[in-house]
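I opened my notebook to look up one annotated span and some ring contacts. Here is what I wrote down.

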Amino acid sequence: MIIHPKVRGFICVTAHPTGCEKNVQEQIDITKASGAFASGPKRVLVIGASTGYGLASRITAAFGHGAATLGVFLEKPSSESKPGTAGWYNSAAFDKLAKQAGLYSRSINGDAFSHETRQRAIELIKNEMGGPIDLVIYSLASPVRKMPDSGELVRSALKTMGNTFTASSVDTNRDAVVQATVEPATEQEIKDTVTVMGGEDWALWIDALSKAGVLAKNATTIAYSYVGTEITWPIYWHGTLGQAKQHLDNTARELRTHYAAEGLHAYVGVMKSVVTQASSAIPVIPLYVSMVFRIMKEKGIHEGTIEQINRLFHQFLYRQDGKTPETDSEGRLRLDDWELRDDVQQACKALWPTVNTENLWQNTDYAGYKHEFLRLFGFDRKDVDYNAEVNPDVRFDVVES
Ligand SMILES: NC(=O)c1ccc[n+]([C@@H]2O[C@H](COP(=O)([O-])OP(=O)(O)OC[C@H]3O[C@@H](n4cnc5c(N)ncnc54)[C@H](O)[C@@H]3O)[C@@H](O)[C@H]2O)c1
């Protein structure tokens, strides 16, 4: 099959296996080059392990610390007419490269919200991993959750609260700056978004692992969050997603209290904005990312997904001096500290009202955004011949759930 990008709205419906493998290799190389890690986790469970922050976490744990990793994700292999998803190819590449490096790697392809998937994970930990999990990364991004007991499908809504909000956004199909209007959510939509993207499922995972005796004493768990800035607050932090993320903050507090005797360290990690499949789908974010990337690159403080997670492990979770990580007043780890620096945000605020379709490419890093978006699916790499035949049917050691 010859595979080229086919972009539909904010998603690319094709992915390239060779490009995805090279992306994974590149993240491994960056992790290795980021220096020796202090003592770290031994057995790691990553929920949402195939793309974005979850994949970067799996790579950092395995190739930075030599940890055994169990990854959970929901991806599709290739079919007769279609290549597999990027997360499928990333996970296949990770599995191959981890095994080549002598690292334990297992993957479950299934719905992380279901009790069955939790049971599958517990069985694998008990039967194969040789000890309990000492780090649980929760990195799911999903628009829908099938409730584990009732089977009901609950959908999240990307909406504001209170008033309709209109702001500049970029239509990535037409490369045009447009005005995007986001409607206020109903009470039900707010509740549903919290059900899908809040902390309930994270707590169910921790409960299940703990009850099954496969969570180590003094284990760490972290769920990723986003707070952002005044520019994105109306759509994110002050919108339905922000409500869900505040629920995540509450869940972290509850987990710390509930599992105090077990010494569980439960954190929310507030991350910077990066280009992922999840963030591309949120109005305003791609334009904000194009702006803030330009400013952070100019200041020499730009980080991508893997650099953020490397820093999370180095400077927060597994510090050389063995100290507990610094947190904000809410107990969260702030990896968005550089993005929120005053000089960065002042520059963003000054640039924001001036950006239009004509100056988009010059005044922002929109080119960088487009490039990174295609890279998510294994495209736009100079070292891959996209006109060459490639086998889309990539198999690896994966447990279907
Ligand atoms: N992208 C950003 O800029 C950004 C910034 C801060 C925080 N975050 C947070 O990081 C977390 C991960 O987001 P991302 O941007 O890396 O997203 P992503 O789209 O790259 O990854 C989502 C992962 O979830 C998995 N997944 C989705 N539904 C699933 C299901 N039902 N069962 C099993 N796996 C499922 C996917 O397979 C994938 O591995 C989210 O909580 C997000 O809010 C993202």
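Entry one, the record. I looked up UniProt, whose unreviewed entry lists residues 327-390 as "domain: Enoyl reductase FAD binding". UniProt positions follow the numbering used here, feature names are shortened, and annotations may be inferred rather than shown by experiment. The model is predicted, so I noted that local features need pLDDT of at least 70, side-chain atom pairs count only at pLDDT 80 or more, and totals for chains, interfaces and linings use all residues. Residues are numbered from 1 along each chain as its sequence is written, and side-chain values use heavy atoms, with hydrogens and water left out.

Entry two, the span. The end C-alpha atoms of residues 327-390 lie 47 Å apart. The span is 39% helix and 3% strand (DSSP runs: H or I of at least four residues for helices, E of at least two for strands, numbered from the N terminus).

I found ten aromatic pairs in the structure (Phe, Tyr or six-membered Trp rings with centres within 6.5 Å; planes under 30 degrees apart are stacked, over 60 edge-to-face, the rest tilted). Phe313 and Tyr318 make a tilted pair, at 5.7 Å centre to centre and 45° between the planes. Both Phe313 and Tyr318 are buried (under 20% relative accessible area; exposed is over 50%, partly exposed in between, with a 1.4 Å probe and protein chains only).

Why is the pair Tyr366 and Tyr369 stacked? Their ring centres are 6.4 Å apart and their planes are at 5°, so the pair counts as stacked. Tyr366 counts as buried because its relative accessibility is 0%. Ring pairs link Trp361, Tyr366 and Tyr369 into a cluster.
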